[in-house]
Amino acid sequence: MTKVEFFNQDGRIQGFCCSGHSGYAEAGADIVCAAVTTAVQFATAVIVDTLGERANVKVDDENARISLKLPTSCEQEDTVQAVLTGMMLTLCSVRDEYPDYIEVLEV
């Protein structure tokens, strides 16, 4: 199962951690994993590459884990929060469709 945790403090998403394989299908044919990967890569690319925010991104391919942690404040805070909220809503939709394969939490 894939687990996605969004770190929320006082209404601000401070980052996320995504770990594990969904187990829906074999590697290369797993649509749940593909959806999660796409949402994570999109959010990370927009925040870091497009907006230029200095988020701390860690990728651990060996353990199928990626995390993103925002600094205390971002120059484009509203946009960053919109991107992360959109990512969370997207992953919640995937979870609603495939509840045995993905867990989405706000912590």
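Some ground rules: residues are numbered from 1 along each chain as its sequence is written, and side-chain values use heavy atoms, with hydrogens and water left out. Because this is a predicted model, local features need pLDDT of at least 70 and side-chain atom pairs count only at pLDDT 80 or more, while totals for chains, interfaces and linings use all residues.

**The core**

Let's start inside. A nonpolar core is a set of buried Ala, Val, Leu, Ile, Met, Phe, Trp, Tyr and Cys residues joined through side-chain atoms within 4.5 Å. Buried means under 20% relative accessible area, exposed over 50%, and partly exposed in between (1.4 Å probe, protein chains only). The largest core has 28 residues, and Phe6, Leu70, Leu84, Met87, Leu91 and Ile102 touch the most other members. Among the elements giving two or more residues to this core are strand E1 (2–9), helix H1 (31–50) and helix H2 (77–97). The largest share, eight residues, comes from H2. (Helices, H or I with at least four residues, and strands, E with at least two, are DSSP runs numbered from the N terminus.)

Take methionine 87: not counting residues up to four places away in sequence, it touches Phe6, Phe16, Ala39, Val40 and Ala43. Contact here means heavy atoms within 4.5 Å.

**Two helices side by side**

H1 and H2 pack with their axes 10 Å apart, at an angle of about 180 degrees. That makes H1 roughly antiparallel to H2, a label for angles over 145 degrees. Axes are lines fitted to C-alpha atoms over the stretch in contact, and angles run from 0 to 180 degrees between N-to-C directions. Residues making the contact include Val36 and Ala39 of H1 and Leu84 and Met87 of H2.

**Two residues compared**

Now for arginine 12, in strand E2, and asparagine 63, in the loop between strand E3 (56–60) and E4.

| Residue | Relative accessibility | Class |
|---|---|---|
| Arginine 12 | 16% | buried |
| Asparagine 63 | 51% | exposed |

A polar side-chain atom of arginine 12 lies 3.5 Å from the backbone oxygen of threonine 72. Leaving aside neighbours within four places in sequence, arginine 12 is also in contact with residues including Phe7, Leu70 and Glu77.

As for asparagine 63, its side chain and that of aspartate 60 are joined by a polar contact of 2.7 Å. A polar contact is a pair of N or O atoms within 3.5 Å; within protein, one must be able to donate a hydrogen and the other to accept it, and residues adjacent in sequence count only if both atoms are side-chain atoms.

Notes
Angles under 35 degrees count as roughly parallel, over 145 as roughly antiparallel, 65 to 115 as roughly perpendicular and the rest as oblique.
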